[in-house]
Every structure is written in structure tokens, then in C-alpha cells.
Amino acid sequence: MLVFRWLVRLLRYGRHDSRQGPKTPLAYGVPAARLPVFEAMLEASCAMVLYFQIINKGGLFLTRDEAMKAENAITVFCTCYTYLAHAMHQAGMARFHLEPSLHLFQHKALRIRMLLDKGAARVWSPASFLCESGEDYIGRVARVSRRVSARLTSQRTLQRVLIKTYFDWKDLESQ
């Protein structure tokens with residue numbers, strides 16, 4: 001997430017040069033042939049920042065609107081990344097190689113679209129499958145993790161989150 005935010009800032013505002021001030025790489029000194037590459041990098045980075053904002057703030061179940069925005073962000077990212085991989089391959093540069101996980105990531109968008117097309121009022125958030133170990137106990141989970149035994153933090157926090165998930169699921173079934 002931090003890398004994408006940094007990349008958005010770099011592509012929009014350039015690196016800061018104390019002698020000349022900040023420059024915008026998209027408008028300053030970029031050959032016209034390379035401009036679409038920078039634009040695709042910016043668009044892909046913005047899409048990922050938006051995607052992570054949606055899934056990290058949306059809770060365990062995304063509303064239809066949130067799910068549509070998340071699906072669109074995934075599609076934009078995958079399209080831009082595929083374009084970048086093709087452009088770099090055509091230029092003979094080893095950049096933006098196609099990862100098998102990109103294909104899996106596109107399946108997240110397809111799954112969300114399938115659920116929305118079936119009329120789902122809520123969609124299970126892809127954030128429920130994240131395992132960012134450095135950020136396990138921040139945000140909503142932080143409150144839970146501070147109220148359990150320090151010796152069993154991971155186990156007890158996970159148990160409490162699963163219990164809450166169960167009751168959230170039951171609430172959705174009754175709607």
C-alpha cells in the first residue's frame with residue numbers, strides 16, 4: 001500500500017529538487033512515446049490505492065456500491081498492468097513481468113461481478129483473506145487484540161473476530 005501511495009505521489013508531483021522545486025514527470029522531460037507508460041503506471045497505482053481503501057474501510061461485507069468500485073479498481077489495475085507488461089516486452093525491457101497472482105487477482109473481480117449480477121445485497125470483502133502480518137493488530141482488530149491475554153493474542157483475537165464474523169453473517173441472513 002505504501003509503495004503504491006509513494007508511486008502515485010512520484011508520478012503526479014515528481015521528485016523534489018531543492019534547487020528547482022518539484023517537477024511533474026508526466027509533463028516535464030518525458031518523451032511523447034513514453035507518456036502512455038507513465039499514465040498507465042499512474043492509473044494502475046491509483047486503482048490499487050482506491051481498492052485497498054475500499055476493502056480496508058468497508059468492513060467484512062461490502063455494500064453493492066463498494067463492491068462495484070472494488071471490482072472496477074481491480075479491472076483497471078489488471079488492464080494497466082497487462083498493457084505495461086506488453087509495452088515493456090515490445091521495447092525489449094524486462095519490466096512488469098506477468099505474475100500468476102495477477103490472474104488470481106482478476107478472479108477476485110470476476111467473483112465480485114458474479115455475485116453482483118446474482119443480486120447480492122452485500123459481498124464478502126476480499127480483505128477477509130489478507131494476511132498482512134505487519135498490520136494484524138491495527139484498525140478495527142486493535143480494540144479486540146488489546147482486550148485479550150498477551151500470551152495468546154493471536155489465537156484469542158482470531159477467535160473473537162471469527163465470532164463477530166459469525167454474528168455479522170447471521171444479521172445479513174435475517175435481512
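Biologist: Which residues do ring pairs link into a cluster?
Modeller: This is a predicted model, in which local features need pLDDT of at least 70 and side-chain atom pairs count only at pLDDT 80 or more, while totals for chains, interfaces and linings use all residues. Residues are numbered from 1 along each chain as its sequence is written, and side-chain values use heavy atoms, with hydrogens and water left out. Rings of Phe, Tyr and Trp (its six-membered ring) pair if their centres lie within 6.5 Å; planes under 30 degrees apart count as stacked, over 60 as edge-to-face and the rest as tilted. The cluster linked in this way holds Phe4, Tyr51, Phe52, Phe77, Tyr81, Phe96 and Phe105.

Biologist: How many helices and strands does the chain have?
Modeller: Both are DSSP runs, numbered from the N terminus: helices are H or I with at least four residues, strands are E with at least two. Along the sequence the pattern reads α-α-β-α-α-β-α-α. The chain has six helices and two strands.

Biologist: Are the planes of phenylalanine 4 and phenylalanine 77 stacked or edge-to-face?
Modeller: The structure holds seven aromatic pairs. The ring centres of phenylalanine 4 and phenylalanine 77 are 6.0 Å apart and the planes stand at 90 degrees, so this pair is edge-to-face.

Biologist: How many residues apart in sequence are the parts that this pair ties together?
Modeller: Phenylalanine 4 belongs to helix 1 (residues 2–13). Phenylalanine 77 is in helix 3, so the parts tied together have a sequence separation of 73 residues.

Biologist: How many residues apart are tyrosine 51 and phenylalanine 105?
Modeller: Tyrosine 51 and phenylalanine 105 form an edge-to-face pair, 5.4 Å centre to centre with 90 degrees between the planes. Tyrosine 51 is in helix 2 and phenylalanine 105 in helix 4 (residues 100–117), and the pair links distant parts of the chain, 54 residues apart.

Biologist: Are helix 2 and helix 3 roughly parallel or roughly antiparallel?
Modeller: Axes are lines fitted to C-alpha atoms, for helices over the stretch in contact, and angles run from 0 to 180 degrees between N-to-C directions. Angles under 35 degrees count as roughly parallel, over 145 as roughly antiparallel, 65 to 115 as roughly perpendicular and the rest as oblique. Helix 2 (residues 35–57) and helix 3 (residues 64–90) pack at about 150 degrees, with their axes 8 Å apart. The two helices are therefore roughly antiparallel.

Biologist: How many charged residues does the contact of helix 2 with helix 3 have?
Modeller: Contact means heavy atoms within 4.5 Å. Residues of helix 2 including Pro36, Glu43 and Tyr51 meet residues of helix 3 including Glu66, Lys69 and Phe77. Ala, Val, Leu, Ile, Met, Phe, Trp, Tyr, Cys and Pro count as nonpolar, Asp, Glu, Lys and Arg as charged, and the others, Gly among them, as polar. By class, this contact has 19 nonpolar residues, no polar ones, and charged residues numbering three.

Biologist: How are helix 1 and helix 2 oriented to each other?
Modeller: Their axes come within 9 Å and cross at roughly 140 degrees. Helix 1 and helix 2 are therefore oblique.

Biologist: Which residue's C-alpha atom is separated by 7.6 Å from that of glycine 58?
Modeller: Glycine 58 lies in the loop between helix 2 and strand 1 (61–63), and at 14% relative accessibility it counts as buried. The residue at that C-alpha separation, 67 residues apart along the chain, is serine 125.

How values were computed
Buried means under 20% relative accessible area, exposed over 50%, partly exposed in between (1.4 Å probe, protein chains only).
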